[in-house]
Amino acid sequence: MANKQMSAAEAVAHIKDGMIVGIGGWGPRRKPMALVREMLRSPVKDLTVVAYGGAEVGMLCAAGKVKKLIFAFVTLDFIPLEPYFRQARQSGKLDVMEIDEGMMLLGLRAAAMRVPFIPSRIGLGTDVLLRNPGIKLVDSPYDDRQWVAMPALPLDVALVHVDRADARGVCQINGPDIYMDEMFVRAAKQSFVSCDELVDSSFFNDSDESRQVFWERAHTSGVVHVPAGAHPSSCAPMYGFDVKHFKEYTASAKEEGGWQKYADRYVNCTHAEYLERVGGLDAVHKLPLPVF
């Protein structure tokens, strides 16, 4: 079996200027933040980012990496609007496709199914269609109604974070919600997965463990072992999101040169240095889990 284990830098090296990059997770929950920080340190630019967004979107916008954003929301949850995303959105610098959460799921699902669109009633009678003239209505061949034709959202690369993986690319999500990560992976040409724990393949011989595997290992292009790789977002049931850190991050957006100060401390460093600066791995594992 192929060994797909690689470093974060090796994974991010597959991302080229102008690519469409899907980022899994949900707001401040189970985001592949170690991979995002590696992207921030890389020269890649002019990306189209597809995400149920959190701090990863704000950081990529602050660093000037994003040309277009396809999104349903960008939030830190207890902080309703991600601050650096807000700055980028209000400046008018971003090309955006702002759609309903369900519509984005259908777009990813269509890409995963390799079909050009999926018909839906989601979006009918709303301003989503007015704001996105590229989304068309189609006549039904079975009745006299029209339906929204949500176009496929094919991805060049997907980045997701999971609880555990083996070197072959078998990935386990052990939390209460897998969000849309399976669809991101299936919609992408290449998928790179960071994991908190790298396990032996025999781990998945246990049927209770294998039931939490949601895509075939053939869809995983690379595995990056990064303990606490989702921080400051959560990775339930291992750790919650870091409220104190998110408050510090949000406060930086109000300071002159705040992004550069934040990046100098928390981005322009190794992962080991990052963990030390946020209090250490043990402190991350003690973060309380979010309440759904």
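In α2, the residues Met33, Val36, Met39 and Leu40 meet Ala55, Glu56, Met59 and Leu60 of α3, where contact means heavy atoms within 4.5 Å. Helices (H or I, at least four residues) and strands (E, at least two) are DSSP runs, numbered from the N terminus. The residues of this contact divide into seven nonpolar, no polar and one charged; here Ala, Val, Leu, Ile, Met, Phe, Trp, Tyr, Cys and Pro count as nonpolar, Asp, Glu, Lys and Arg as charged, and the others, Gly among them, as polar.

The model is predicted, so local features need pLDDT of at least 70 and side-chain atom pairs count only at pLDDT 80 or more, while totals for chains, interfaces and linings use all residues. Residues are numbered from 1 along each chain as its sequence is written, and side-chain values use heavy atoms, with hydrogens and water left out.

Helix α2 (residues 33-41) and helix α3 (residues 55-62) pack at an angle of about 5 degrees, with their axes 10 Å apart. That makes α2 roughly parallel to α3, a term for angles under 35 degrees. Axes are lines fitted to C-alpha atoms, for helices over the stretch in contact, and angles run from 0 to 180 degrees between N-to-C directions.

An open sheet of three strands has the order β5-β7-β6 with antiparallel pairing, and two strands pair if DSSP finds at least two bridges between them. Its edge strands, each pairing on one side only, are listed here.

| Edge strand | Residues |
|---|---|
| β5 | 117-120 |
| β6 | 136-139 |

Four bridges join β5 to the antiparallel strand β7 (residues 146-151), and proline 119 stands opposite alanine 149 in β7.

Conventions. Angles under 35 degrees count as roughly parallel, over 145 as roughly antiparallel, 65 to 115 as roughly perpendicular and the rest as oblique.
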